[in-house]
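This report looks at the open space in a protein model and at the contacts made by its aromatic rings. Please keep the sequence and the structure in view while reading.

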Amino acid sequence: MGKLREPLNILYGDNCALPLALEAMGERWSFMILRAAFNGVHHFEEFQQELNIARNILSNRLSRLVDHGIMAREVMAEDRRKVRYELTEKGVELLPAMIALRQWGEKWGAGVPSTPVLVDTRDEQPIGPVTITAHDGRPLGYKELVWMHRAELQPLGQARARMAPVAAE
(Lines give C-alpha, C1' and ligand atoms only; values in the text may rest on other atoms or scores of the structure.)
Protein backbone atom coordinates (compact mmCIF):
# COMPACT_ATOMS: atom_id res chain seq x y z
CA MET A 1 0.00 0.00 0.00
CA GLY A 2 1.20 3.51 -0.72
CA LYS A 3 1.84 6.15 1.89
CA LEU A 4 -1.07 8.26 3.06
CA ARG A 5 0.00 11.46 1.31
CA GLU A 6 -1.66 14.44 -0.29
CA PRO A 7 -0.23 17.69 -1.70
CA LEU A 8 0.62 19.66 1.43
CA ASN A 9 1.65 22.93 -0.18
CA ILE A 10 -1.88 23.68 -1.41
CA LEU A 11 -3.41 25.77 1.36
CA TYR A 12 -6.49 27.06 -0.44
CA GLY A 13 -8.58 25.95 -3.37
CA ASP A 14 -10.58 22.97 -4.49
CA ASN A 15 -7.99 20.30 -3.75
CA CYS A 16 -8.30 20.17 0.04
CA ALA A 17 -11.15 21.30 2.25
CA LEU A 18 -9.19 21.19 5.52
CA PRO A 19 -7.78 24.74 5.22
CA LEU A 20 -11.30 26.03 4.46
CA ALA A 21 -12.69 24.24 7.53
CA LEU A 22 -9.89 25.62 9.70
CA GLU A 23 -10.57 29.11 8.39
CA ALA A 24 -14.15 28.79 9.62
CA MET A 25 -13.46 27.05 12.93
CA GLY A 26 -9.69 27.11 13.47
CA GLU A 27 -9.30 28.16 17.08
CA ARG A 28 -10.35 27.27 20.59
CA TRP A 29 -13.14 29.79 21.21
CA SER A 30 -15.05 28.83 18.05
CA PHE A 31 -15.11 25.21 19.23
CA MET A 32 -16.14 26.24 22.74
CA ILE A 33 -19.00 28.36 21.34
CA LEU A 34 -20.05 25.46 19.13
CA ARG A 35 -19.99 23.12 22.14
CA ALA A 36 -22.18 25.57 24.07
CA ALA A 37 -24.60 25.77 21.13
CA PHE A 38 -24.84 21.96 21.04
CA ASN A 39 -25.70 22.21 24.75
CA GLY A 40 -28.63 24.58 24.17
CA VAL A 41 -27.02 28.00 24.64
CA HIS A 42 -28.57 30.56 22.26
CA HIS A 43 -28.04 34.14 23.45
CA PHE A 44 -24.94 36.33 23.62
CA GLU A 45 -25.23 36.84 27.37
CA GLU A 46 -25.60 33.07 27.94
CA PHE A 47 -22.51 32.33 25.86
CA GLN A 48 -20.57 34.97 27.77
CA GLN A 49 -21.69 33.72 31.17
CA GLU A 50 -21.25 30.01 30.39
CA LEU A 51 -17.84 30.38 28.73
CA ASN A 52 -16.44 33.31 30.72
CA ILE A 53 -15.28 34.84 27.43
CA ALA A 54 -14.51 38.51 26.73
CA ARG A 55 -17.35 40.30 24.92
CA ASN A 56 -15.16 41.39 21.99
CA ILE A 57 -13.84 37.86 21.41
CA LEU A 58 -17.33 36.38 21.67
CA SER A 59 -18.74 38.96 19.26
CA ASN A 60 -15.93 38.31 16.78
CA ARG A 61 -16.28 34.51 16.93
CA LEU A 62 -20.08 34.55 16.69
CA SER A 63 -19.82 36.84 13.65
CA ARG A 64 -17.31 34.48 12.03
CA LEU A 65 -19.55 31.45 12.70
CA VAL A 66 -22.53 33.32 11.21
CA ASP A 67 -20.47 34.49 8.20
CA HIS A 68 -19.44 30.90 7.51
CA GLY A 69 -23.03 29.65 7.79
CA ILE A 70 -22.33 27.52 10.87
CA MET A 71 -24.73 29.53 13.03
CA ALA A 72 -27.69 31.72 12.14
CA ARG A 73 -28.38 35.04 13.86
CA GLU A 74 -32.00 36.02 14.48
CA VAL A 75 -33.11 39.31 16.05
CA MET A 76 -35.97 38.55 18.43
CA ALA A 77 -39.28 40.17 17.43
CA GLU A 78 -40.40 40.81 21.03
CA ASP A 79 -37.17 42.62 21.94
CA ARG A 80 -35.07 43.83 19.00
CA ARG A 81 -32.08 44.23 21.33
CA LYS A 82 -32.01 40.49 21.95
CA VAL A 83 -30.45 38.12 19.40
CA ARG A 84 -30.78 34.34 19.18
CA TYR A 85 -27.99 32.22 17.72
CA GLU A 86 -28.94 28.83 16.33
CA LEU A 87 -26.88 26.08 14.74
CA THR A 88 -27.56 25.69 11.04
CA GLU A 89 -27.59 22.33 9.27
CA LYS A 90 -23.98 23.06 8.34
CA GLY A 91 -23.18 23.64 12.02
CA VAL A 92 -24.98 20.50 13.20
CA GLU A 93 -22.88 18.48 10.76
CA LEU A 94 -19.80 19.46 12.80
CA LEU A 95 -21.03 17.22 15.65
CA PRO A 96 -19.00 14.15 14.58
CA ALA A 97 -15.84 16.29 14.46
CA MET A 98 -16.60 17.68 17.92
CA ILE A 99 -17.23 14.19 19.31
CA ALA A 100 -14.04 12.86 17.70
CA LEU A 101 -12.00 15.70 19.27
CA ARG A 102 -13.61 15.09 22.66
CA GLN A 103 -12.92 11.36 22.48
CA TRP A 104 -9.32 12.04 21.46
CA GLY A 105 -8.98 14.43 24.41
CA GLU A 106 -10.40 11.81 26.78
CA LYS A 107 -7.87 9.26 25.58
CA TRP A 108 -4.75 11.39 25.14
CA GLY A 109 -5.39 14.47 27.27
CA ALA A 110 -7.51 13.86 30.32
CA GLY A 111 -6.91 10.12 30.32
CA VAL A 112 -10.39 9.49 31.71
CA PRO A 113 -13.87 9.58 30.17
CA SER A 114 -15.68 12.91 30.43
CA THR A 115 -18.92 13.39 32.26
CA PRO A 116 -21.69 13.92 31.38
CA VAL A 117 -21.63 11.12 28.82
CA LEU A 118 -23.29 11.42 25.41
CA VAL A 119 -25.78 8.57 25.03
CA ASP A 120 -28.10 7.14 22.40
CA THR A 121 -31.71 8.18 23.16
CA ARG A 122 -33.02 4.73 22.22
CA ASP A 123 -31.21 2.70 24.90
CA GLU A 124 -29.45 5.41 26.93
CA GLN A 125 -26.05 3.77 26.43
CA PRO A 126 -22.85 5.71 25.67
CA ILE A 127 -22.06 6.30 22.01
CA GLY A 128 -19.19 4.36 20.48
CA PRO A 129 -15.94 5.84 19.26
CA VAL A 130 -16.02 7.97 16.12
CA THR A 131 -14.34 5.91 13.41
CA ILE A 132 -13.45 6.06 9.75
CA THR A 133 -15.62 3.63 7.84
CA ALA A 134 -15.53 2.19 4.34
CA HIS A 135 -18.46 2.63 1.95
CA ASP A 136 -19.90 -0.63 3.31
CA GLY A 137 -19.56 0.31 6.99
CA ARG A 138 -16.34 -1.60 7.77
CA PRO A 139 -14.13 0.29 10.25
CA LEU A 140 -10.81 1.30 8.66
CA GLY A 141 -7.44 1.95 10.26
CA TYR A 142 -4.79 4.43 9.20
CA LYS A 143 -2.79 1.80 7.28
CA GLU A 144 -5.84 0.87 5.20
CA LEU A 145 -6.09 4.33 3.62
CA VAL A 146 -4.52 5.85 0.53
CA TRP A 147 -5.15 9.14 -1.27
CA MET A 148 -6.36 8.95 -4.88
CA HIS A 149 -7.33 11.59 -7.36
CA ARG A 150 -11.11 11.58 -7.85
CA ALA A 151 -10.61 10.90 -11.59
CA GLU A 152 -8.86 7.60 -10.73
CA LEU A 153 -11.85 6.17 -8.83
CA GLN A 154 -13.47 3.10 -10.37
CA PRO A 155 -17.06 1.88 -9.97
CA LEU A 156 -17.58 -0.56 -7.12
CA GLY A 157 -16.31 -4.02 -8.06
CA GLN A 158 -13.99 -2.68 -10.77
CA ALA A 159 -11.28 -1.22 -8.55
CA ARG A 160 -7.94 -3.00 -8.73
CA ALA A 161 -6.93 -4.72 -5.53
CA ARG A 162 -4.08 -3.03 -3.71
CA MET A 163 -1.50 -5.59 -2.77
CA ALA A 164 1.19 -5.21 -0.16
CA PRO A 165 4.63 -5.25 -1.78
CA VAL A 166 6.15 -8.72 -1.75
CA ALA A 167 9.40 -8.81 0.21
CA ALA A 168 12.43 -9.84 -1.83
CA GLU A 169 13.70 -13.26 -0.84
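## The largest pocket

In this predicted model, the lining of the largest pocket is made up of 17 nonpolar residues, five polar residues and four charged residues. That lining comprises 26 residues in total, and those that lie nearest the centre of the pocket are R35, N39, M98, I99 and R102. Three elements, namely α2 (28-38), α3 (44-51) and α6 (95-110), each give two or more residues to the lining of the largest pocket, and of the contributors it is α6 that gives the most, with seven residues.

The space in the largest pocket comes to about 810 Å³.

## The aromatic pair

The structure holds one aromatic pair, which is formed by F47 and Y85 in an edge-to-face arrangement, with 6.4 Å from centre to centre and 75° between the planes. Because F47 belongs to helix α3 while Y85 belongs to strand β2 (residues 83-87), the pair ties together parts of the chain that are 38 residues apart in sequence.

Are the two partners of this pair, F47 and Y85, buried or exposed? Both F47 and Y85 are buried, a term that here stands for under 20% relative accessible area.

## A charge over a ring

A further contact of an aromatic ring involves R28 and W29, where the charged end of R28 sits over the ring of W29, at 4.7 Å from the centre of that ring.

Conventions. Residues numbered from 1 in each chain as written. Predicted model: local features only at pLDDT ≥ 70, side-chain atom pairs only at ≥ 80, totals over all residues. Heavy atoms only, no water. 1 Å grid on protein atoms, 1.4 Å probe; cavity = no way out; pocket = protein on both sides within 12 Å on 5 of 7 lines; lining within 4 Å. Points joined across faces, edges and corners; volume = space filled by probe spheres on them. Helix = DSSP H or I, 4+ residues; strand = E, 2+ residues; numbered from the N terminus. Nonpolar A, V, L, I, M, F, W, Y, C, P; charged D, E, K, R; others polar. Phe/Tyr/Trp six-rings, centres within 6.5 Å; stacked < 30°, edge-to-face > 60°. Buried < 20%, exposed > 50% of the residue type's maximum accessible area, 1.4 Å probe, protein only. Lys NZ or Arg CZ within 6 Å of the ring centre and 35° of its normal.
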